[in-house]
Amino acid sequence: MRSRATLALGLMATHVYGTYISNNTLASCLQAAGTPYSLPDSKNWTTFNSPFNQRLKFNPVAIAVPETPGEAQKALLCGRKHGVKVSPKSGGHSYAALGFGGEDGHLVIQLDHMVGVSLDGKTNIATVAAGTRLGKLALELYNQGNRAISHGTCPGVGVSGHVLHGGYGMSSHTHGLALDWVVGISVLLANGDIVEASATQYPDLFWAMLGAGSNFGIALSYKFKTFEAPEEVTVFSVRLPLDPTNVISGLETLEDWTQNTMPANLNMRLAGGNLQAGLEGAFIGDSEGLVAALEPLLNKTGGSIAVNKTMGWIKSLEYFAGAKLNQSFPYNVHETFYAKSLMLTGLHGQSAIDFVSYWLGPATQVSRNWWFQLDLHGGKNAYIPSVHSNLTSYAHRDKLYIIQLYDRVFGNSYPADGYSFLDNWVSNTTSSLTEDEWGMYFNYVDARLDRDTAQEVYWRKNLPELQSLKKKYDPDELFYYPISIKPAPRK
């Protein structure tokens, strides 16, 4: 982290080379509050206003960069005072750039200078600042006490956006979602209060934050329970024959095995592309154990193990990250893409036919760099569905799969006629399904959905209660973005 003096010179002094600040502007309020910030004509603006998805570039009115909860609080109060919507941004990895507001004109509160992990050696509870990235979190937990939580594979993702909407990764079949390890959150509310939310304090807010948190407040820090990091993790990949005559039966075999046989210590996904497919994952245990776990499935599908490597916990995280774990500021990873998601109770019968027909038909005519990942989210031995569905606002514990569909371009803007590719794949797959059989995963967010549809597919049965809590905690929608939860109507 840069020193505070350096930060101040780079941010608070923007009026020296930026727009003149009058006494009644948002910037003037931020300056008077002592919160570091940047303006559109500041020299460092492009560093701060740089979304992960380069397809989406929005224009905030200012970006506040607090280093303490008090500075974040003052920034929020400035936005509230001047009638500006406030958007917290942790790692900035949102697929729809929602940390920048998802539209022009927001005050962004960038949290990536609020970083830190402290593990209590007696309780094994970790206190984690909201701007910490996943790779940093994993390293610190391991180095401070050989501990871990379940989380995603991209080390540059910020803890907040990831945790507050689920947090699926390569240990989730064994250890659940990242949000399943949260026992407390320090939350900055729309009215400017900072409260401690947990199962016993502000329990309704705690419930809402764990699954739909971007709608209700700014998480300033977390308390996580942790588990002992495993000594051995075996990473693997499996070759699968892709024969159009047996793909559907292969999917149905995979579904039956995932639902009824897949052991708890196996974490796996089906990865597919243009006329190719394979399995990859992480087994908590040794190589021999992996072979035994996969054997029933491989015998039925004709697959064969291509990679089988046993390593320690941190090395396994680095393997899937494809990068160093400690991603520091500035985070300079960018792609140009459009993505969608599906959460399904299964993929069989007509829905499997429709999915495969599109995969082996229209999708083969698209020359861009597209792929999908079908993560094995549920099953009778999985952790996620074992957690009672009422404990958090995460709405999809009954789903067997998470599918991420990703369409990327290199060096050019995303084509205006490209969106129909994934839109049609999703609509074709779900056309035969009831609402109870599918939804979408907010961490692979698609902000091109209309607001009403987005609320339904991301939060399903929990939406009415979430709308009531939105009315309670943010009735004026300070934390608005184009697909945010609407508050329940005022009586």
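Is Leu275 buried or exposed? Leu275 counts as exposed, at 55% relative accessibility, which is over the 50% cut-off. The model is a predicted one. A search of the whole structure gives 30 aromatic pairs and one disulfide, and the largest nonpolar core has 158 residues.

**Aromatic pairs**

- A pair of aromatic rings is described by the distance of the centres and the angle of the planes.
- Among the 30 aromatic pairs found in the whole structure is that of Tyr441 and Tyr444, which is edge-to-face because the planes stand at 85 degrees, with the ring centres 5.0 Å apart.
- Tyr441 is buried, at a relative accessible area of 2%, and Tyr444 is buried too, at 12%.
- Both tyrosines belong to a cluster linked by ring pairs, which also takes in Phe52, Tyr95, Phe337, Trp371 and Tyr406.

**Charges over rings**

- The charged end of Arg448 is placed over the ring of Tyr419, at 4.0 Å from the ring centre.
- Lys225 lies over the face of Trp181, and here the distance to the ring centre is 5.4 Å.

**Nonpolar core**

- In soluble globular proteins, nonpolar side chains tend to be buried together.
- The largest nonpolar core here contains 158 residues, and those with the most contacts inside it are Ile185, Tyr222, Met268, Trp425 and Tyr458.
- Helix 9 (residues 203–212) supplies the largest share of this core, seven residues.

**Disulfide**

- A disulfide is a covalent bond between the sulfur atoms of two cysteines.
- The one disulfide found in the whole structure is formed by Cys29 and Cys78, whose sulfur atoms are 2.1 Å apart.
- The link of Cys29 and Cys78 is left-handed, with -85 degrees about the S-S bond.
- Cys29 lies in helix 3 (residues 26–33) and Cys78 in helix 5 (residues 69–81), so the pair ties together parts that are 49 residues apart in sequence.
- Cys29 and Cys78 are both buried, whereas Cys154 is partly exposed, with a relative accessible area of 38%.

**Thr258 in helix 10**

- Thr258 is part of helix 10 (residues 247–260).
- Thr258 is buried, at a relative accessible area of 1%.
- Not counting residues up to four places away in sequence, Thr258 touches Leu376, Gly378, Gly379, Lys380, Leu400 and Tyr401.

- At 33% relative accessibility, Thr68 counts as partly exposed.
- A polar atom of the Thr68 side chain lies 3.1 Å from the backbone nitrogen of Glu71.
- Thr68 and Asp256 are 188 residues apart along the chain, and their C-alpha atoms are separated by 50 Å.

**Positive phi in loops**

- Asn146, a residue other than glycine, has a positive phi near 55 degrees.
- The loop that holds Asn146 runs between helix 6 (134–145) and strand 7 (147–148).
- Asn146 counts as partly exposed, with 27% relative accessibility.
- Leu275 likewise has a positive phi, near 60 degrees, and is a residue other than glycine.
- Leu275 is in the loop between strand 13 (266–273) and strand 14 (276–283).
- Leu275 is exposed at 55% relative accessibility.

**Pro330**

- Pro330 is found in the loop between helix 12 (313–321) and strand 16 (336–344).
- Its relative accessibility is 46%, so Pro330 counts as partly exposed.
- From Pro330 to Ile402 the C-alpha to C-alpha distance is 30 Å, at a separation of 72 residues in sequence.

Note on methods. Residues numbered from 1 in each chain as written. Predicted model: local features only at pLDDT ≥ 70, side-chain atom pairs only at ≥ 80, totals over all residues. Heavy atoms only, no water. Phe/Tyr/Trp six-rings, centres within 6.5 Å; stacked < 30°, edge-to-face > 60°. Buried < 20%, exposed > 50% of the residue type's maximum accessible area, 1.4 Å probe, protein only. Lys NZ or Arg CZ within 6 Å of the ring centre and 35° of its normal. Core = buried A, V, L, I, M, F, W, Y, C linked by side-chain atoms within 4.5 Å. Helix = DSSP H or I, 4+ residues; strand = E, 2+ residues; numbered from the N terminus. Contact = heavy atoms within 4.5 Å. Disulfide = S-S within 2.5 Å. Polar contact = N/O pair within 3.5 Å; in protein donor to acceptor, adjacent residues only side chain to side chain.
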